[in-house]
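Keep the 3D view open as you read.

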Amino acid sequence: METLKAAIPNELKQSIRDSSNVEDTLRDTCSSLHQFFLHFQPFHQVVTELADPSYALCGKSKEASLEYKQLGNQCFFDADYVKALDYYTQALRRAPFEVGDMKTNLVATLYINRAIVLHKMNLLVECLRDCNRALQICPSYAKAWYRRGKANVSLGNNRDAICDLNIAKSVESSTGGKRQVESELKIILDQSKGTNIVVQPQYKENSLSTVGEMPQIKLRSVSTPDKGRGMVPSHDVSPGSLVHAEEPYATIILKQCRETHCHYCFNDLPADRVPCISCSIPLYCSQQCQIKAGGEMFRISTEDSNILKNLPGDIGKYAAEVIQYNDCEQKIDDVTEHKHECQGVHWPAVLPSEIVLAGRVVAKFLSKSSSGDIASFVENLELSHCYEHMPFESKLDSHIYAIVLLYCLKHSYGTMFSIDGISISQVVIVISQIKVNCMTVVRLKSIDAHGLSDQSGGFTFHSSVHLTSNVEQVRVGKAIYKAGSLFNHSCQPNVHAYFLSRTLYLRTTKVVAAGCQLELSYGPQVGLWDCKDRQNFLKDEYAFHCQCAGCSEVNLSDIVINAFRCVKPNCSGAVLESRVLECEKQKIKHFPIPNKVIKNDDIYEVCLHTFNQNDASINIQPGYCLKCGSYSDLESSRTTVDKALICIKRLQDAIQSKDISNTSISDALRSLHLLRSNLHAYNKVIAEAEDNIAQAFCLVGELQLSVDHCKASIQILEKLYDPDDIVIAYELVKLSSVQLSLGDDSAVDSISRIGAIFSRYYGLHADLVFPYLQYLRREI
Ligand SMILES: C[S@@+](CC[C@H](N)C(=O)[O-])C[C@H]1O[C@@H](n2cnc3c(N)ncnc32)[C@H](O)[C@@H]1O
């Protein structure tokens, strides 16, 4: 890409810098750049490498698959099942579907090899699912029926096991094999004599289960002068109400999650992950997701399935059920998001995620449009964009990527569209729409103090240890939601956005009066960063200047979050550095002070002097206390704080490496003292230091001290955020787990508070989003 960029003539770059969609100059710059590339050999080279399957490493390869299979076999014989599992998955990723290995289909063989490993690892349901997959490909695969029978025995499903083994006996061709199955059958039949055989339900593929809560609130779109379109409710809405639920228009997994999360539903990948049938990039949690993303199903050879027709009545019915239930349930959507990328080509793996997402948006349009009229594409999408406000580098990148992407898509869509100034400019706009409207899909993950994470939602706890649990938000994907894009941003949001699988849910966290905007946070919010940092982030990421109440009205959090303390011993005033002060001064000037502030408000406590001034004559200087006007030498305080922070960082590293010494804790305690004597009591840095020290004390078993420091951290965060903010609930999760370990009765209060906050933010979905909650509830 850099070669392409460097070769573009300066004159053309200048036109791109000045290009605008409004004045229609964008089409000309797109057309000129396209013409330039057409005569530039390295461009053709780039496109060939990206879009020609013969150059790509993402296709299927029998040789590569067999190599991984061999490595898997070796690890299996060495009883290294974890590695064997991984090698068989890698082999499956690369195995071409139609290829045989000895007499059996290679993919089916690999599923069975992996099923045996899963059985050894006692992952029985996963083992059963792999057997089903092998049988869907080769219904008369005796080894697969046999393995299925063995897994069913381990699961206590004797009835199914007997059926499986009977089928295995019937389809097994060798006498030795038949004898082995017979002896296995005899053992189960003997065991089952005199006992009632339990009929278990068939183990199905993972399903995308969601709780059936539907939004009941009527919303309408309104137009506002400062934020464009926005969404408002038609009547008053109480906190915790579900106001919106939506499936995405298009999604893409983030590169760093490709090996850990399902490429379709974004949930954690299980041990029996399912690779794409036609290329070696995506991994799915189930066949359902694989089919929904790629549109391809395992194909059963008719010749092979005929063998099952010879089975006696009941057993034949049973076999048909095992190998076909997925097909019956599965409704295949013609518009699948991965199909057009799925020819083993390189571009979906190497282009930036946003560009691959733009490809998915375009592909969705193309597969739905009859004429391939790409000129009307952007209009149909009805999303806002920021092309005019994008910096030059982004404008240039989007021109280059739009041309490259269209050439890559051409390989899948042939003559459905022509590549010219019109189509390229449409894709440039789509790229800028993605910049403004794309949501990051996140998952909540809890990590205990020993670094173990809750992968499956199923917790196994030792009765004596209640581990501290840190709640972490993991960014897993990017998605476009068409109606969801109409909700504006606020740094003091009244709506909380979260995701179950790929579905977006929006829930109110405050009372919202009829006609008032429902606003969510695009990332930054009051309490997380100061006003300047939030505004810079929104400018860089979304290209707008935030006009929300949090950025225009004075609030306690923005004043104290980075503040120093006053030199006067008992003064609670905040002292600001110039960077923060500039931003706050703007707000103070426009804040109707006497009306809004009550004298005993915290905010009055930290900047009383400022409020006593007439707003016309406000003259605050960096380094002067906002309450009493005393001067502090911020340079010397900054030096002390920086030194103390080095020490806190050392403790953080020690926590990460689980190597905490008494010296590192006592050094951190001294640093905490220095922070407290230089920074304002509500400064976020103190909260973070308290939190680190709490974690360290927990790890060395000093649980009471851990509780004390955890509480100190929460007290500050309650000043920076709303006391009922979800961030406080995350902190309370840590506190309550240590309190439980101590047998401290106040755990009950902490857990009730967590429950109340979670149900406001996640409603009926709270337990699904954060299964650890169920464990905490059980404890009280
Ligand atoms: C996802 S869209 C929201 C819907 C948009 N207002 C529309 O008309 O389509 C994001 C765009 O809305 C505007 N916007 C959203 N929140 C804003 C805020 N707090 N301040 C200023 N503009 C905002 C910006 O133009 C931003 O690029």
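**Around the ligand**

The ligand is surrounded by 19 residues, and the closest of them are Gly228, Arg229, Ser384, Asn488 and His489; a residue counts as near a molecule if its C-beta atom, placed from the backbone, lies within 6 Å of it. Two or more residues of this shell come from each of strand E4 (228-233), helix H19 (421-437) and strand E11 (488-489). Strand E4 gives the most, with three residues. By type, the shell divides into seven nonpolar, nine polar and three charged residues, where Ala, Val, Leu, Ile, Met, Phe, Trp, Tyr, Cys and Pro count as nonpolar, Asp, Glu, Lys and Arg as charged, and the others, Gly among them, as polar.

A word on what you are looking at. This is a predicted model, in which local features need pLDDT of at least 70 and side-chain atom pairs count only at pLDDT 80 or more, while totals for chains, interfaces and linings use all residues. Residues are numbered from 1 along each chain as its sequence is written.

Now step back to the whole protein, which has 33 helices and 16 strands; these are DSSP runs numbered from the N terminus, with helices (H or I) of at least four residues and strands (E) of at least two. Of its 780 residues, 46% are buried, meaning that 20 or more other C-beta atoms, placed from the backbone, lie within 10 Å of their own.

Next, find the largest nonpolar core, which has 153 residues. Such a core is a set of buried Ala, Val, Leu, Ile, Met, Phe, Trp, Tyr and Cys residues joined through C-beta atoms within 7 Å. Ala358, Ala402, Leu405 and Val427 have the most contacts inside this core, and helix H18 (residues 392-413) gives the most to it, with 11 residues. Beyond its neighbours within four places in sequence, Val427 is in contact with Ala358, Val362, Ala402, Leu405 and Leu406 (contact means C-beta atoms, placed from the backbone, within 7 Å). A second, separate core of 49 residues includes Ala91, Leu124, Leu165 and Ala319.

Finally, turn to the domains. The assignment, which is automatic or from a database, gives domain 1 (1-59 + 249-295 + 332-437) and domain 2 (62-192). Their C-alpha centres lie 40 Å apart, and the contact takes eight residues from domain 1 and 13 residues from domain 2. On the domain 1 side, the touching residues divide into four nonpolar, two polar and two charged.

Conventions: Buried ≥ 20, exposed ≤ 12 C-beta atoms within 10 Å, placed from the backbone. Contact = placed C-beta atoms within 7 Å.
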